[in-house]
Amino acid sequence: MNIGKSMAGHTGLWYNADMSAPAQRLRTSNHLLLIRLLALVTLFQGFSSCALVDLQPESAHIRNGVLDLRAWNPDTELVLNGSWQFAAGHMVHAGSQVADGYWNEHIVPDQWQSGDGGGHDGQGYGTYRLQLLLPPAAGPLALRIRTISTACELEVNGQVLYRAGRPGIAPGEAIPAFRPAVIDLPEGQSRLELLVRVSNWDYRTGGMWRALTIGRQSDLAESKWLSDMLAVFIGAALLATGLNSFLIFLFRPGEQSFLWFSIFVLVMAIRTLVTGEYLGAAILPFEAMIRLEYMTTFANLPACSLFL
């Protein structure tokens, strides 16, 4: 009877008495690397939840494109989820004469499907509208803008305060871009009209993927900084882990699992730049960022399988 195999059956260890010692060490190193990666990911998730648990903003209750905030405490961040008004196929500006029949309710967050944006297959253009009734003496307020696909312009009470790319009514007129930001709102106003003009001719779905957040400027700037730094920390840690594994492979070229593991982790590090807070938008053109997003989705599959 093969004692090694018998022990494996009883203990659950991946051990084979017929396997050579170098092969046993290689398999052991593979699983140790995997365990370390899982521990690293678990650590990041725990750090993220602990660091940001008190920063999760509340959700608003928007009805028919109007949100009454006159009893709202500005010290509490508020996500502007709910029923915005949306005019598909119209770039509406302050003072524009748009018939009421063109406005429909769209639940934000919103990802265009089929002809939602006035075009086909998630493409098109249109304008979101929201009326905000603010509390008196609210102090300096701001909006945090995350992901709007794929070009947008924000107008508040007739003043354009933010642009990401250039929305257009045709593919040749639009310039796509992702640009998460915190923008200041006009002070001393009791009522704000938000018009968010959006177009998408470059991605599979358009629309306001993530709702805006309103709150005090200092609070929103701090929460964005924390999110950015967390993404940088995760990316840097993954990069260091991948480079360390690659250096081990250079000294031990016979153990190719270190090479596949380094590729796997380095691809994950790149992915932190082109998803989430889209930190790569500051240094990469839109087309390159989207290609990297797709590539990092699928490139890890062969690296992971070869590593295991």
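Salt bridges and their setting

A: The structure holds eight salt bridges, each defined as a side-chain nitrogen of Lys or Arg within 4 Å of a carboxyl oxygen of Asp or Glu. Side chains of opposite charge can pair when their charged atoms come close. This is a predicted model, in which local features need pLDDT of at least 70 and side-chain atom pairs count only at pLDDT 80 or more, while totals for chains, interfaces and linings use all residues. Residues are numbered from 1 along each chain as its sequence is written, and side-chain values use heavy atoms, with hydrogens and water left out.

Start with R163 and E153. Their closest N and O atoms are 2.6 Å apart. Strands (E, at least two residues) and helices (H or I, at least four) are DSSP runs, numbered from the N terminus. With a relative accessible area of 45%, R163 is partly exposed. E153 counts as buried because its relative accessibility is 11%. The cut-offs are under 20% relative accessible area for buried, over 50% for exposed, and partly exposed in between, with a 1.4 Å probe and protein chains only.

R197 belongs to strand β11 (residues 191-200) and E153 to β8, so here the joined parts are 44 residues apart in sequence. Both E153 and R197 are buried. Shared partners join E153, E155, R163 and R197 into one network of salt bridges.

Now the strands. β8 (residues 151-156) and β9 (residues 159-164) run antiparallel and are joined by five bridges. Two strands pair if DSSP finds at least two bridges between them. L154 of this pairing stands opposite Y162 in β9. The hairpin of β8 and β9 has two residues between the strands, and N157 takes a positive phi near 50° there. A94 lies in the loop between β4 (82-88) and β5. A94 is partly exposed, because its relative accessible area is 37%.

R197 leads on to β6. In β11, the bridge partner of T127 is R197. β6 and β11 pair in the antiparallel sense over ten bridges. β4 also pairs with β6 in the antiparallel sense, over four bridges. There, A87 has T127 as its bridge partner in β6. Strand β2 (residues 66-68) pairs with β6 in the parallel sense over three bridges. V66 has Q131 as its bridge partner in β6. What is the burial of β6? Ten of its ten residues are buried, so β6 is largely enclosed by the rest of the structure. G124, G126, Y128, L130 and L132 point one way from the strand, and Y125, T127, R129, Q131 and L133 point the other way.

Another salt bridge joins D68 and R70. Their side chains meet at 2.6 Å, N to O. D68 counts as partly exposed because its relative accessibility is 43%. R70 reaches 53%, so it counts as exposed.

D110 is a charged residue without such a partner. It lies in the loop between β5 (104-108) and β6 (124-133). D110 is buried yet has no salt bridge, and the nearest side chain of opposite charge, R204, is 14 Å away. For charge, Lys and Arg count as positive and Asp and Glu as negative, while His and the chain ends are not counted. The D110 side chain makes a polar contact of 2.8 Å with the side chain of H106. Another, of 3.4 Å, joins the side chains of D110 and W112. A polar contact is a pair of N or O atoms within 3.5 Å; within protein, one must be able to donate a hydrogen and the other to accept it, and residues adjacent in sequence count only if both atoms are side-chain atoms.
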